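Student: I would like to learn how to read a protein model feature by feature. Please take one structure and go through it with me.

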Amino acid sequence: MPTADGQFPPNLPPATGQFPPTTGRELTPTTDRNSAPADGRPLALAAGPHLPSAVGWRLTPTGTDARFRGLAAVDRRTAWAAGSRGTVLRTTDGGRSWRNVSPSGAEGLEFRDVEAFDARRAVVLAIGEGEASRVLRTEDGGATWTESFRNTDPRAFYDCMTFFDPRNGLAMSDPVDGRYRILSTRDGGRSWRVLPTAGMPEALPGEAGFAASGQCLVSAGSRDVWLATGGAATARVLHSADRGLTWTATASPIPAGDPARGVFGLAFRDRTHGIAVGGDYRKDQPSPEAAAVTADAGRTWRPSAAPPPAYRSGVAWLPYGRTAALAVGPTGTDLTIDGGRTWRTVDTGSYDTVDCTPDGSCWASGEQGRIARLGLH
């Protein structure tokens, strides 16, 4: 499903006729344009021995008002962002400057996911019904792009993608003929094929994914992958341990029962420990129990004892210790230091997605061209 900016909903199923926005108008702009305390000081954290004493988002100059729901952090210096109006940005200097490397002629596309392997190689996913869903790839830092997949089935709507390594990856579509459709690549996104659906459980009535943060399909290790759903009576998480050939589905405690509710983002620290975030993306609706955790690869999920106070679309494990993570959404950023059991708000800026790297770099992006890097003190 699309998402919350005004063109496509975070991904309401095409059947509903309500596609989440893709330009950045679905969410209320933050009143704190700098996404930091009023006096400019970093936010203090009682985070324990493995975390810095304070953190705070530092906005970087992007020169655009596109909405970036796709984000790929490579390392401390390199990150890619993909968003509305076919916009792709890349930084190689830690966010001090961003280069517009958008594919030529892509202004009509809505990019919702980007997966990057280094400063030169990246793959972007455009969402939408029929031929609006496409995959493009670059091997020269965005100087040139090659379209490697264009959906020709009007019933399909691709939402997210993930890579296990620089060669093997998957992309997922909302259900077609009652089952989620999975694309597979074994050559780094140069070519794709639709996997058989024999091992995919039937979708629930009204069920779909949310193209809100590029995190409705995530992987950990060389074979495990998880798919987040919403829109149906129950929000589920599907898991495959064989790169998408066979799947099992598990109910999550995150409320659903409406096309705007469900699990929007997933993050796995390893193949067993994961966090799910979501809620109701409509700004006038409450989002109780907006986070859940698993310690058994998604076979069971339990609600966070103290969840984020509102809808969250993106989540990422911090590269400090093994129990800290960030969740982001249009009304703020929340921190957990106990593996997702309890959360507290540490920032009120608007972000749609977040990504961290093993070398200690974290980035967030969202509406109105907002891309920030986590400042450590």
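Predicted model: local features only at pLDDT ≥ 70, side-chain atom pairs only at ≥ 80, totals over all residues.

Student: How many helices and strands does the chain have?

Tutor: Helices (H or I, at least four residues) and strands (E, at least two) are DSSP runs, numbered from the N terminus. Here the count is 0 helices and 30 strands.

Student: What percentage of the residues count as buried?

Tutor: Buried means under 20% relative accessible area, exposed means over 50%, and partly exposed lies in between (1.4 Å probe, protein chains only). Of the 377 residues in this chain, 62% are buried.

Student: Which strand can I use to look at burial on the two faces?

Tutor: In a regular strand the side chains alternate between the two faces of the sheet. Take β10, residues 134–138, where 5 of 5 residues are buried. Arg-134, Leu-136 and Thr-138 are on one side, Val-135 and Arg-137 on the other, and both faces are covered.

Student: Which strands does β10 pair with?

Tutor: Two strands pair if DSSP finds at least two bridges between them. β8 (residues 122–126) runs antiparallel to β10, joined by 5 bridges, and Ala-122 has Thr-138 as its bridge partner. β11 (residues 146–150) is also antiparallel to β10, with 4 bridges; there Arg-137 stands opposite Thr-146.

Student: How many residues separate β12 and β13 in their hairpin?

Tutor: There are 5 residues between β12 and β13. The two strands are antiparallel and share 5 bridges, including one that pairs Thr-162 with Leu-170. β12 also has 2 bridges to β9 (residues 128–129), again antiparallel, with Glu-129 opposite Phe-157. All told, 7 of the 7 residues of β12 are buried, so the strand is largely enclosed by the rest of the structure.

Student: In what order do the strands of the open sheet with β20 come?

Tutor: The order is β20-β21-β22-β23, with antiparallel pairing. β20 and β23 (302–303) are at the edges with a single partner strand each, so one side of each has no neighbour in the sheet. β22 (residues 291–294) and β23 are held by 2 bridges, and Ala-292 has Pro-303 as its partner.

Student: How many salt bridges does a search of the whole structure find?

Tutor: A salt bridge is a side-chain nitrogen of Lys or Arg within 4 Å of a carboxyl oxygen of Asp or Glu. The search finds 22. One of them joins Glu-207 and Arg-236, at 2.8 Å from N to O. Glu-207 is in the loop between β15 and β16, Arg-236 is in strand β18, and the two are 29 residues apart. Both residues are buried.

Student: Why does the bridge between Arg-271 and Asp-224 tie together separate parts of the sequence?

Tutor: The N to O distance in this pair is 2.9 Å. Arg-271 lies in the loop between β20 and β21 and Asp-224 in strand β17, so the pair ties together parts that are 47 residues apart in sequence. Arg-271 is partly exposed, at 42% relative accessible area, whereas Asp-224 is buried, at 7%.

Student: Which residues are linked in a network of salt bridges?

Tutor: The network links Glu-131, Arg-134, Glu-147 and Arg-150.

Student: How much space lies in the largest pocket, and which residues lie nearest its centre?

Tutor: Rolling a probe the size of a water molecule over the atoms shows where empty space is left. On a 1 Å grid over the protein atoms alone, a cavity is a set of points where a 1.4 Å probe fits but cannot get out, and a pocket is an open set with protein on both sides within 12 Å along at least five of seven lines; lining residues have an atom within 4 Å of a point. Grid points are joined across faces, edges and corners, and a volume is the space filled by probe spheres set on the points. The largest pocket holds about 1,100 Å³. Its lining has 39 residues, of which Ala-73, Glu-115, Ser-219, Asp-355 and Cys-356 lie nearest the centre. Elements that give two or more residues to this lining include β3, β7, β12 and β28.

Technical notes: Residues numbered from 1 in each chain as written. Heavy atoms only, no water.
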